[in-house]
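Visitor: Before I use any label in this model, I would like to hear what it rests on. Could we go through the labels by setting each value against its cut-off?

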Amino acid sequence: MDIGSVNYLPYEVFVDVFGNVVEKCPLITAAVWSRRPFSSLADLEASINDFIDALPESGKEGILRVHPDLTGRDLQSGTLTRESREEQVQAGLDTLTTAEVSRMARLNTEYKDHFGFPFVICARMNNKATILRQLEERLRNERTIERACAIDEVKKICHLRLQGLVVPETSNKL
């Protein structure tokens, strides 16, 4: 749909359509609905990002805590959101070898024990090798640095999900 159609969506439909652009956080979408009309897709995205940026650190960590572990039990049991499943499959996380699954599980546990929230990365912008490497490297970050890094990844995921829902504006300028 185009941004004009987005602006005319009733509250419930807006939240239904955009409720998972930030994983399992329809409250964010509900909050930005009142900022309509959006002048563009970029304006909608900026509203979501501004909302996230205005949250206290505990709120940002709450956004991170609802993310599933990569290749974790949600993928194995089929309980991932449709978006997360597609993103993990696109990154090749459904084709890990037994050794890679074991390594990913170990690193996910270490990461969660260290930071208190799951590892978040924009899977669509990476592949399984870079995801594993990033997981190992980011384990060395300080908590505040890693929280900011993870929130940046949430914003990348949101950006791509929004692009899948809203037709970008076309320039008619010559």
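Visitor: Why is Lys 24 called partly exposed?

Guide: Its relative accessibility is 40%, and since buried means under 20% relative accessible area and exposed over 50%, with partly exposed in between (1.4 Å probe, protein chains only), Lys 24 counts as partly exposed. This is a predicted model, in which local features need pLDDT of at least 70 and side-chain atom pairs count only at pLDDT 80 or more, whereas totals for chains, interfaces and linings use all residues. Residues are numbered from 1 along each chain as its sequence is written, and side-chain values use heavy atoms, with hydrogens and water left out.

Visitor: Is Glu 23 buried or exposed, and what does it touch?

Guide: Glu 23, which is also found in the loop between H2 and H3, has a relative accessibility of 1% and therefore counts as buried. Not counting residues up to four places away in sequence, Glu 23 touches Val 66, His 67, Pro 68, Thr 81, Ser 84 and Arg 161, where contact means heavy atoms within 4.5 Å. Glu 23 and His 67 are 44 residues apart in sequence, but their C-alpha atoms are 6.3 Å apart in space.

Visitor: What makes Pro 26 partly exposed?

Guide: The value for Pro 26, in helix H3 (residues 26-33), is 38% relative accessibility, so Pro 26 counts as partly exposed. Leaving aside neighbours within four places in sequence, Pro 26 is in contact with Val 15 and Gly 19. Pro 26 and Leu 64, 38 residues apart in sequence, are 14 Å apart from C-alpha to C-alpha.

Visitor: What kind of peptide bond joins Arg 36 and Pro 37?

Guide: The bond is cis, with omega about 0°, and Pro 37 lies in the loop between H3 and H4.

Visitor: How do H3 and H4 pack, and which residues make the contact?

Guide: Their axes are 10 Å apart, at an angle of about 115°; axes are lines fitted to C-alpha atoms, for helices over the stretch in contact, and angles run from 0 to 180 degrees between N-to-C directions. Ile 28, Ala 31 and Val 32 of H3 make the contact with Ser 47, Ile 48, Phe 51 and Ile 52 of H4. By class, these residues divide into 6 nonpolar, 1 polar and no charged, counting Ala, Val, Leu, Ile, Met, Phe, Trp, Tyr, Cys and Pro as nonpolar, Asp, Glu, Lys and Arg as charged, and the others, Gly among them, as polar.

Visitor: How do you know that Ser 47 is buried?

Guide: Ser 47 lies in helix H4, and its relative accessibility of 8% is the value by which it counts as buried. Leaving aside neighbours within four places in sequence, Ser 47 is in contact with Val 32, Arg 35 and Phe 38.

Visitor: How do the axes of H4 and H10 cross, and why is H4 called roughly antiparallel to H10?

Guide: The axes of helix H4 (residues 41-54) and helix H10 (residues 143-165) come within 11 Å and cross at roughly 155°. That makes H4 roughly antiparallel to H10, because angles over 145 degrees count as roughly antiparallel, under 35 as roughly parallel, 65 to 115 as roughly perpendicular and the rest as oblique. The residues of this contact divide into 8 nonpolar, 3 polar and 3 charged.

Visitor: What makes Gln 88 buried?

Guide: Gln 88 has a relative accessible area of 2%, so it is buried, and it is found in helix H7 (residues 82-90). Beyond its neighbours within four places in sequence, Gln 88 is in contact with residues including Pro 68, Asp 69, Leu 93 and Ala 123.

Visitor: How do H8 and H9 pack, and what classes of residue does their contact have?

Guide: Helix H8 (residues 98-115) and helix H9 (residues 128-138) pack at an angle of about 35°, with axes 10 Å apart. Their contact has 7 nonpolar, 1 polar and 5 charged residues.

Terms used:
Helices (H or I, at least four residues) and strands (E, at least two) are DSSP runs, numbered from the N terminus.
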